[in-house]
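Biologist: I am new to this structure, and I would like a close look at a single part, the surroundings of the ligand. Could you then take me from there to the rest of the protein?

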Amino acid sequence: MLKTIAEVLTLSATFLTDHQIERPRRCAEDLLASILKVKRIDLYLQFDRPLVESEMVLMRQYLKRTIAKEPIAYIMGEVEFLGCRIEVTRDVLIPRNETEILADLVIKKLKVLEPAKRVLWDLCTGSGCIGLGIKRACSSISIVLSDICPRAIELAKSNSVKNCLQVECRVGDLLQPFLNEKADFVICNPPYVSKKEFDLLERSVRDFEPSLALLAGDQGTDFYERLSIELPRFLNPRAQVFLEIGHTQGGAVQEIFRKVPWRGSQILKDWAGHDRFFFLEIE
Ligand SMILES: C[S@@+](CC[C@H](N)C(=O)[O-])C[C@H]1O[C@@H](n2cnc3c(N)ncnc32)[C@H](O)[C@@H]1O
């Protein structure tokens, strides 16, 4: 006898509860909506619809992956980020809420500046979420996405096509893809986890997300150190730089950038009230 959407949701939520998965009902809904390619709300409009065998097989596989602590974003293969549909694989970090706040803050700034024909680089782009979210909101700005991981850049490129957004994509170590070029805006969410913090990360992060996207030396500040030294010669006058930082790194990052000839710098907080972003304007 085929099971209905309502029955599968109830059984799945119970199974996830038994395996101590957080928000089990929500999780079951997200997985099933992804399998049926409908919005979560639509499940409730077709409660009596029976699932065919192939859908049941997939749901069982998804539930098994979930209790093995694989992040649900990798299972579903896609997240929404500032109105863009961003495919995610284990080659890239799953975009975080804090990063959406960063991109949104930058969009608000760019809208005031009306940066037509100006250039923004999204360094350490991963899935491309930041640069693509900004391009969707500010179409006249030229955006280049870059990352050291070729598979991440392939995915960022494919995400740009999926969202019908025209950006350039380059592979290379930090600023190496931009030799002899200058930007007006640079945004970067670099790896910022120290070795010590890495060992304390949740299993779902440590075991599934790429360490290349997380680890940044003994203190977690390697990329800020590098950017403070390497970035100035890649910037046009009055260029602005927008960085995501770890919530304990505000003081350290301010200290690192103290040596550079910046007009001003500012630490901004996330919704939880933690230091999370560092904005700079060069002389
Ligand atoms: C914290 S993730 C950020 C991904 C994405 N921007 C986001 O916010 O979701 C950092 C990214 O930096 C990339 N990366 C690591 N080392 C790098 C390097 N030396 N040069 C350029 N990119 C690097 C990783 O491949 C990863 O995609």
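Modeller: The shell around the ligand is made up of 14 nonpolar, five polar and two charged residues. In this count, Ala, Val, Leu, Ile, Met, Phe, Trp, Tyr, Cys and Pro are nonpolar, Asp, Glu, Lys and Arg are charged, and the others, Gly among them, are polar. In total, 21 residues surround the ligand, and the closest are C124, G126, I148, N189 and A213; a residue is near a molecule or strand if its C-beta atom, placed from the backbone, lies within 6 Å of it.

Please keep in mind that this is a predicted model, where local features need pLDDT of at least 70 and side-chain atom pairs count only at pLDDT 80 or more, while totals for chains, interfaces and linings use all residues. Residues are numbered from 1 along each chain as its sequence is written.

Now let us turn to the sheet. Seven strands form an open sheet with mixed pairing, in the order β5-β4-β3-β6-β7-β9-β8. Its edge strands, each pairing on one side only, are β5 (168–171) and β8 (262–269). From one strand to the next, the twist averages 15 degrees. Helix α6 (residues 97–113) packs on this sheet and touches β6, β7 (235–244), β8 and β9 (275–282), with a direction about 155 degrees from that of β7. Contact means C-beta atoms, placed from the backbone, within 7 Å; axes are lines fitted to C-alpha atoms, for helices over the stretch in contact, and angles run from 0 to 180 degrees between N-to-C directions.

Within the sheet, β3 (residues 119–123) and β6 (residues 183–188) run parallel and are joined by four bridges. By contrast, β8 and β9 pair in the antiparallel sense over seven bridges, and Q266 has F279 in β9 as its bridge partner. These two strands, β8 and β9, form a hairpin with five residues between them, and G273 in the turn has a positive phi of about 85 degrees.

Stepping back, the protein has domain 1 (5–68) and domain 2 (90–282), with bounds from an automatic or database domain assignment. The centres of the two domains, taken over C-alpha atoms, are 35 Å apart.

Conventions
Two strands pair if DSSP finds at least two bridges between them. Two residues are in contact if their C-beta atoms, placed from the backbone, lie within 7 Å.
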